[in-house]
Every structure is written in structure tokens, then in C-alpha cells.
Amino acid sequence: MAGPTHVTTEGWSSRWAFILAAIGAAVGLGNVWRFPTLAGENGGGAFVLFYIGCVVLIGLPLILSEIIIGRAGRSDAVGSVRNVAEQSGVSRGWTTFGWMEIISAFLILSFYSVVAGWVIYYAGVMGGDFFGNLFSGAPFAGALQGEEAEAIQGRMTSLFGNIPLLLAMHTVFMGVTYAIVARGVHDGIEKAALYLMPAFFVLLIAITIYGAFVGNFGQAVAFMFTPDFSKLDAPAMNAALGQALFSMSLGSAALITYGAYVSKDTKLPPTAAMIAVADTGVAIIAGLMIFPIVFAVGLDPAAGPTLVFQSLPVAFQQMPGGSLIGFLFFVLIFFAALTSSISLLEGPVSWGINELGWSRFKSATIFSLAIFIVGIACLLSLNVWSDVRLLPFWSIFAESSIFDVIDGFTGKVMLPVAAFLTAIFIGWRADKKLVAAETGLEGGLFALWRFLVAWLAPIGVAVILVFGLFPGLLA
Ligand code: PFF
């Protein structure tokens, strides 16, 4: 049996460094922006319940599977899968899903950085407003005093119309992500998580408590936890599954890559559970942070992707201390986005290092630039390229812009397919002894986990994928 090849020389300095970095990868725009948006659009409670089911039955078993592949293979997403396949005596063809994961990470980061750019813009606007108020002796004023609600909402349209501004923000965000990843696992990725994640959690709790006091908490709870199953159709289920995978950073190289840096004496199942619990907890708390504020001023919870950017600033205008809270809110989203974008970039970068023999500096530079350029296409599709259609022949994407195609295709197709293949690989093809030794699970627990990975996850993912992509089959 061949030993692992192209192995990484880097590693986390402690178990906690890994946990923080992995939670940082998981907690991001997906939790604070996409989850509340989707829950709002898909009727609240039933979506949330189905989402939690996906997390527990599919997401959690797959988190452990991906980390195992990384730690056993000790390389990038492609190299790790190849090493595990070789140690198990099965085809190298399984590296297909490793490739898919790296490509997904690349594509996701291209639009992720654009959205994170909007976050930087709003943090700047709200920050400027807050410091203006502070120096004029009114630190607890509402945000953007004297600006009409329409003008506040119009800021997003103006931002989308302003290519230089969009480009500047996208550049800043990719630049910061690049600077951190280029420093390496120990000095870059892990340090960033060590500072940003605790700051994120403090802000999250503080703003949620604020919202509970000054907002309409009861209505938010009812909205998020009262299930109306009539709203839970096949596309909503597909959205929930895609969101669960995206939110837990599954199917996009991050967890395999981070797993390769984990030491052999770290117990993986509790770590995987912590990632799933933290990620889902943050998504739900983010809903409980945002909806009380949305309801307090009578805004529409189903506003869609503009909810956080267009609706909330209007709410912050009408709330006590809204200027400060608005500023902190966008800083919080920025921190969350940054620890995730780092993990998205690290997938392709580690591939360049391990497979092509590039230095970290070279790999980080090349991939950051390439992703930056694809990001520009996403950015232009908000504007002058809004009519460009990449997949006009595919009904669910026929009307979608470049941005929406990259977002939709990765989330609805590539992540579920990679998740399906991961489950089949670990559940059926990888050497059982190797897998058991990596998990450290025994007896009934191991049997349960294996059942979920080998049966429930692939069947669940496949069914949801097929009906989500071809809703006509149910008609
Ligand atoms: N999990 C991140 C979020 O919820 O925003 C996004 C993400 C990060 C997806 C890393 C995939 C990934 F590999």
C-alpha cells in the first residue's frame, strides 16, 4: 500500500486553533445574510425545521467524512482523496469530487467577495454616520438621520450602478483575504480566526439582546418557529439542503483542506459536532437578531437578498442607538465573511502548493488574482452585463445573471453532487478500518454514523437534488 504523497508540511498549533478556524469557515454570509433571506422567502418555521433535519442527518455526518479525508490524506482536496483512494485500493477516479470541490470554492469566492464588498460599503456608510453623530455629541442617534427611507433603500441601487465603487470594495475584500492566506496556516488563517471569531460572537450576542429589547422579538420567534408545511415544496427543500451544505462549508474543499492540518491525536467526532452546532446556532441567532428589527418597523421579512442591505438600514434609522448598532452589525458581517473567504481561498491555494509545488506566496497570488477577475464578471452582471445569460438553455437558470448562475449552480448542483460522491466514497469505497480508525468511533455510534453516510446522506441528497432541479417531475 502506497503511503500518502504530496503531503502538507503545515499544521494547526492546537485543537482550538482548528476548531475556531473551522467554525470561522462555516459561519459567514451564509448564516447572517442567506439563511434569514431564505427562511423569510420560504415561509419561516417549516423551512427552519427541514433545514435542521438536513444539518443533523446529512450535514453532520458529512463534516466528519470530509475532515477524515483530509486528515487521512494529509493534502489538498484532490491529493487527499487520491491518497485515501490509494490506501483503500480503489480507483483514483474518485478525485473527481476533489476537483469539483476546488472549482466550487473558486467560483463561490468570486461572488462571495462581491457581496462582502457590499458589506464593506455599508459598514463604511454606517461607520461614517456613527462617528459623525459621536463627534456632534449624539452617539445614540438613529442611523442616517434626515435621509428619506426611499433614499436609504436607493443606496443599494446606486451602489449597483457604481462600477468603480463595487470594484474598489471587491478589491479591498480580496486583498485582505489574500494577505491573510499568503501568511500561511499558522501566522495567517489561525491568527485571523483567533481574533475575529470571539469578536464576532460578542457582537452577535450584543445585537441580538438589543433587538430583543427594542424590536419585536415575539413576532420574530413566531415567524421562525411556527411551521407552515404548505410552503415546503421541492424547490424550498432543495434550497434548504443547498443552504445547509453551503453554510457548513461542505463540498467546497474547505473542510478537507483544514482537516489535513489536524494532528492525529485530535478527536474528530466532537469537533465535527461543535462545528455543526455552532454554525446552526449562529444561523438561528442571526434570524433572531434580524427579524425582531425587521418586524419592529413593519418591514417585509420576505424581501429577499436585499433584506439585510436595504431593509435593515431603514430600521436602524428608527431605532434608538441605530447608528451605532447599524455600524456594529455590518462589522459583524464583515468578520464572518472574512473567516469564510479565507477558507474558500485556502482550498485552491493548498492545491497549488501540494500538487504543483508552488510556494504559498505564488499560489495565493495566482488564485487570488484569478478569483478576483471572475468576481469582476459577477460584479458587472449587477450592472452593464445584467442581460448576459450563461445557461439560457436550462430552465431554472434561463433568466439568471452571471452572478445568480454562479451562486445557483454551485449551491444547487455542484455542492450536492460533491456531497453525494463524498458520502458514497466514505460510506462504500474507502477502507473501512482506515475510516473507523480516523473517526475513533466504536460500536453502535460508528454503525449509526456509517448508516447515515452510506445510506441516508446519499439517498437524501439525490432525491432532493433531482426533485429540486426538475420540479416538473412532481407535477
Ligand atoms: N460557510 C460559509 C458561509 O456560510 O458563509 C461559506 C463557505 C465557506 C462555503 C467555505 C464553502 C466553503 F468552503
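The second largest pocket has a volume of about 180 Å³. A pocket here is an open set of points on a 1 Å grid over the protein atoms alone, with protein on both sides within 12 Å along at least five of seven lines. Its volume is the space filled by probe spheres set on the points, which are joined across faces, edges and corners. This is a predicted model, where local features need pLDDT of at least 70, side-chain atom pairs count only at pLDDT 80 or more, and totals for chains, interfaces and linings use all residues. Residues are numbered from 1 along each chain as its sequence is written, and side-chain values use heavy atoms, with hydrogens and water left out.

**The second largest pocket**

- Its lining residues (those with an atom within 4 Å of a point) include Val56, Leu60, Pro269, Leu441 and Trp449.
- By class, this lining has 12 nonpolar, no polar and no charged residues.
- Ala, Val, Leu, Ile, Met, Phe, Trp, Tyr, Cys and Pro count as nonpolar, Asp, Glu, Lys and Arg as charged, and the others, Gly among them, as polar.
- Helix 3 (45-73), helix 12 (268-296) and helix 18 (443-469) each give at least two residues to this lining.
- Helices are DSSP runs (H or I, at least four residues), numbered from the N terminus.

**The largest pocket**

- The largest pocket has a volume of about 830 Å³.
- It is lined by 30 residues, and Glu41, Pro305, Asp404, Asp407 and Lys412 are the closest to its centre.
- Two or more lining residues come from each of helix 2, helix 6 (149-161), helix 10 and helix 16 (402-429).
- By class, the lining of the largest pocket has 14 nonpolar, 11 polar and five charged residues.

**The ligand and its shell**

- The ligand takes up the space of the largest cavity, a cavity being a set of points where a 1.4 Å probe fits but cannot get out.
- Around the ligand are 15 residues (each with a heavy atom within 4 Å), and the closest are Ala26, Gly30, Tyr112, Phe246 and Ser252.
- Helix 1 (15-26), helix 2 (29-41), helix 10 (234-247) and helix 14 (322-356) each supply at least two residues of the shell.
- The shell has seven nonpolar, eight polar and no charged residues.

- A polar contact is a pair of N or O atoms within 3.5 Å.
- A polar backbone atom of Leu29 is 3.0 Å from an oxygen atom of the ligand.
- A nitrogen atom of the ligand is 2.9 Å from a polar backbone atom of Phe246.
- Ser247 has a backbone N or O atom 3.0 Å from a nitrogen atom of the ligand.
- Taken alone, the ligand exposes 340 Å², and the protein buries 100% of that (areas by the Shrake-Rupley method with a 1.4 Å probe).

Terms used
Polar contact = N/O pair within 3.5 Å; in protein donor to acceptor, adjacent residues only side chain to side chain. Sits in = over half its atoms within 2 Å of the grid points.
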